[in-house]
Amino acid sequence: MAAKKTAAKTPAVSQAQAEDAIRLLLRWAGDNPAREGLIDTPKRVAKAYKEWFGGYAMKPEDYLKRTFEEVEGYDEMVILRDIEFESHCEHHMAPIIGVAHVGYIPNGRVVGISKLARVVEAYAKRLQVQEKMTAQIANCIQNVLKPKGVGVVIVAKHECMTTRGVHKTGVSMVTSKLLGSFREDARTRAEFLQCVGIK
Ligand SMILES: Nc1nc2c(ncn2[C@@H]2O[C@H](COP(=O)(O)OP(=O)(O)OP(=O)(O)O)[C@@H](O)[C@H]2O)c(=O)[nH]1
Ligand SMILES: [Zn+2]
């Protein structure tokens, strides 16, 4: 049977089941989960997973619902640069660590800038592919704020490439998703990319 495209609703997993799974992995790796140093590890790992994958419980669209219109008709680009994030790749569950740059041109209303960083967080705290995360952030802003244009650039290191496998430590991955005027207008695109340091 072909794999489903979207995440299926899976049955709830108890804390005890999650901790058992971690004990199993520890045994599989060759260690003894009953030894003193590892006795609380399943609990800690489960807690860490709750934090790393907390994005599944977040609704990024909701962060953008509150907007402000008293901006004297400001209609130039707004850019939030260097939003640090940590995510995990969906192929190896290894960290992806980098920065996101998010820009948009308001269409009569602006959003609180922290909310752009919250949208990045909500998508980062899930299992990800960098291209998908980049598109999700841009699409979310476009769909909810309906600005004149949106640009998202992500620059990140993938630990599945740096600490294992091909072991290329210096490599960063750069992705971008441009919508509306960022895509259609060469000058807007150039202004955004220059401002975030991508020429
Ligand atoms: N395009 C893209 N690839 C990713 C991302 N994160 C990890 N990958 C890659 O996903 C690929 C998975 O390839 P596989 O051949 O199935 O996995 P693998 O045998 O572990 O591959 P190696 O990493 O080359 O050892 C690897 O090339 C990873 O580098 C991402 O965000 N975007
Ligand atoms: Zn990976």
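Me: Which strand gives the most to the negative patch, and with how many residues?
Reply: Strand 2 (residues 78-89) does, with three residues. Strands here are DSSP runs of E with at least two residues, and helices are runs of H or I with at least four, both numbered from the N terminus. This is a predicted model, where local features need pLDDT of at least 70, side-chain atom pairs count only at pLDDT 80 or more, and totals for chains, interfaces and linings use all residues. Residues are numbered from 1 along each chain as written, chains are lettered from A and ligands numbered from 1 in written order, and side-chain values use heavy atoms, without hydrogens and water.

Me: What makes Glu51, Asp82, Glu84 and Glu86 a patch of negative charge?
Reply: They gather on the surface. Asp and Glu count as negative, Lys and Arg as positive, with His and the chain ends left out. A patch takes residues with over 30% relative accessible area (Shrake-Rupley, 1.4 Å probe) and no salt bridge, joining like charges within 9 Å, or nonpolar side chains within 5 Å. A salt bridge would be a Lys or Arg side-chain nitrogen within 4 Å of a carboxyl oxygen of Asp or Glu. The charge is placed at CG of Asp or CD of Glu.

Me: Why is Glu84 called exposed?
Reply: Exposed means over 50% relative accessible area, buried under 20%, and partly exposed in between. Glu84, in strand 2, has 63% and therefore counts as exposed.

Me: What is Asp82 called on that scale?
Reply: Asp82 also lies in strand 2, but its 47% makes it partly exposed. Its phi is near 60°, a positive value in a residue other than glycine. Most residues other than glycine have a negative phi.

Me: Where is Lys146, and what is its phi?
Reply: Lys146 is in the loop between helix 5 (130-145) and strand 6 (149-158). Its phi is positive, about 50°, although it is not a glycine. At 52%, Lys146 counts as exposed.

Key. Buried < 20%, exposed > 50% of the residue type's maximum accessible area, 1.4 Å probe, protein only.
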